[in-house]
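Please keep the sequence and the 3D view at hand while reading.

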Amino acid sequence: MKSYKKELWFNTKNRLEFINITHEVEDAVRQSEIKEGFCLVNAMHITSSVFINDDEGGLHKDFAQWLEQNIPHDPKLYKHNLTGETNADAHLKRQFMGREVVVAVTSGKLDFGPWEQVFYGEFDGRRKKRVLIKIIGE
Amino acid sequence: MKSYKKELWFNTKNRLEFINITHEVEDAVRQSEIKEGFCLVNAMHITSSVFINDDEGGLHKDFAQWLEQNIPHDPKLYKHNLTGETNADAHLKRQFMGREVVVAVTSGKLDFGPWEQVFYGEFDGRRKKRVLIKIIGE
Amino acid sequence: MKSYKKELWFNTKNRLEFINITHEVEDAVRQSEIKEGFCLVNAMHITSSVFINDDEGGLHKDFAQWLEQNIPHDPKLYKHNLTGETNADAHLKRQFMGREVVVAVTSGKLDFGPWEQVFYGEFDGRRKKRVLIKIIGE
């Protein structure tokens, strides 16, 4: 069994951002030289997400709007923010969007359906944060 | 390390449907001849889900009702639908229900608790769509 | 390829509880003697979750409050409860919080960012329930 690890770094300008990282994950699979296995991609921070969905700007605005309407940022709403934080909403938004994805690797490639793209989702940005890519297989 | 791959196809009559695929996943584990490992089951489309929950019809209606009340279908609510689509809600519903499950394989079987069943969740049906089963181990 | 399995047991006093199980998962990784691989941690019951987030009591109250406001317990709201159950909300809460996490194992340790902690989330407690830890790798 082989394994391969890579970290990606982000520092978003906005509090909430979605970044397409599909090419970076594909590069990691190539570099791993693993032909059959699993590729794990996860946020290493608890106020961000990795998820698979569509690369369409209108949809990303819909995601942002749903999240803000259903899990509003307003720091006064949350007990977590009594600690001095202002990001309780980001911890909850990440639960909705998910921490990680596991993707099959088949014949040396991400085994994707027609529209699957991997995104980093940031909900409390404007500082350096990381994503982990780990691939195991043969 | 061994690996095994299988695809399942669906074409639901309704926009929203939940289909129990536990037997198909169990069959794939048997065919793989893998005794110890991981079994990944994921939707290959971004408007559907694979999830693990209870096989009880009333509960499935509760899922459908919660999803419709909290993420309504109404195409006018979403910017994604300015592209001509009508399924922005399906992209969001799939984030709530999840894209994939990873199940342990132990002694050649899905290592499940007493009530765990695997479901395909469709939120924008009435066309052909796929689920991927990939198993790695020994 | 090596594999290792362990089960954890819980019997919470309250219907809703969050329990930090990071040490138990770290112990399992050590006992497995696996240096590079994946660690799956999943609830074996369909009214509970395993998730990764922050170990801060105020935030856990925020999680509980959001879940109760958006997925209320009131048994009269759900068709599932016509079967005699009272836990339809717990099945839905677990979809929001997630069933499982997959964590990379690197150099014999959980490959975590600075604040990642693993939690068992119970939404229908007061009876014996299990979590599965399965590790594969080399």
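Predicted model: local features only at pLDDT ≥ 70, side-chain atom pairs only at ≥ 80, totals over all residues.

## A covered helix in chain A

In α3(A), the buried residues are A:Ala88, A:Asp89, A:Ala90, A:His91, A:Leu92, A:Lys93, A:Arg94, A:Gln95, A:Phe96 and A:Met97. Taken as an element, helix α3 of chain A, which covers residues 88-97, is mostly covered, since 10 of its 10 residues are buried. The word "buried" needs a cut-off to be followed here, and the one applied is a relative accessible area under 20%, with the protein chains only taken into account.

Just after α3(A) comes A:Gly98, a residue that takes a positive phi of about 95 degrees.

## Chain A as a whole

How many helices and strands does the secondary structure of chain A come to? There are three helices and eight strands, and, read from the N terminus on, the elements follow one another in the order β-β-α-β-β-α-α-β-β-β-β. The C-alpha trace of chain A spans about 50 × 30 × 20 Å along its principal axes.

Chain A has 138 residues, and 63% of them count as buried. When contacts in chain A between residues at least 6 apart in sequence are considered, 83% of these contacts join residues at least 24 apart.

## Two residues with a positive phi

Most residues other than glycine have a negative phi. Against that background, A:Arg126 can be picked out, as its phi is near 70 degrees, a positive value in a residue other than glycine. A:Arg126 lies in the loop between β7 (117-122) and β8 (129-137) of chain A, and with a relative accessible area of 54% A:Arg126 is exposed.

A second case is found in chain B, where B:Ser107 has a positive phi of about 50 degrees although it is not a glycine. B:Ser107 lies in the loop between β5 (100-106) and β6 (109-110) of chain B. Is B:Ser107 buried or exposed? At 59% relative accessibility, B:Ser107 counts as exposed.

## How chain C relates to chain A

Two copies of a chain are related by a rotation about an axis and a shift along it.

Why can it be said that the copies meet through different surfaces? Only 18% of the interface residues of chain C are also interface residues in chain A, so the surfaces through which the copies meet are different.

## The contact between chains C and A

The contact takes 34 residues from chain C and 30 residues from chain A. About 2700 Å² is buried between chain C and chain A, and carbon and sulfur atoms give 60% of that area. Between chain C and chain A the count is three salt bridges, and one of the salt bridges joins the side chains of C:Asp111 and A:Lys5 at 2.9 Å, N to O. The count of residue pairs in polar contact between chain C and chain A is 16, with both residues at pLDDT 80 or more.

On the side of chain C that touches chain A, at least two residues each are supplied by β3 (37-43), β4 (48-53), α2 (57-70), α3 (88-97), β5 (100-106) and β8 (129-137) of chain C. The residues of this side divide into 18 nonpolar, seven polar and nine charged.

## The contact between chains B and A

In this contact, 30 residues of chain B touch 34 residues of chain A, and the area buried between the two chains is about 2700 Å², of which carbon and sulfur atoms give 60%. B:Met1, B:Ile46 and B:Gln95 supply 23% of the area that chain B buries against chain A, more than any other three residues.

There are three salt bridges between chain B and chain A, among them one in which the side chains of B:Lys134 and A:Glu36 meet at 2.5 Å, N to O. The elements that give two or more residues to the side of chain B that touches chain A are β1 (2-10), β3 (37-43), α3 (88-97), β5 and β8 (129-137) of chain B. Of these, α3(B) gives the largest share, six residues. By class, that side of chain B has 15 nonpolar, eight polar and seven charged residues.

Technical notes. Residues numbered from 1 in each chain as written. Chains lettered and ligands numbered in written order. Heavy atoms only, no water. Contact = heavy atoms within 4.5 Å. Buried area = accessible area lost by both parts, 1.4 Å probe. Salt bridge = Lys/Arg side-chain N within 4 Å of Asp/Glu carboxyl O. Polar contact = N/O pair within 3.5 Å; in protein donor to acceptor, adjacent residues only side chain to side chain. Helix = DSSP H or I, 4+ residues; strand = E, 2+ residues; numbered from the N terminus. Nonpolar A, V, L, I, M, F, W, Y, C, P; charged D, E, K, R; others polar. Buried < 20%, exposed > 50% of the residue type's maximum accessible area, 1.4 Å probe, protein only.
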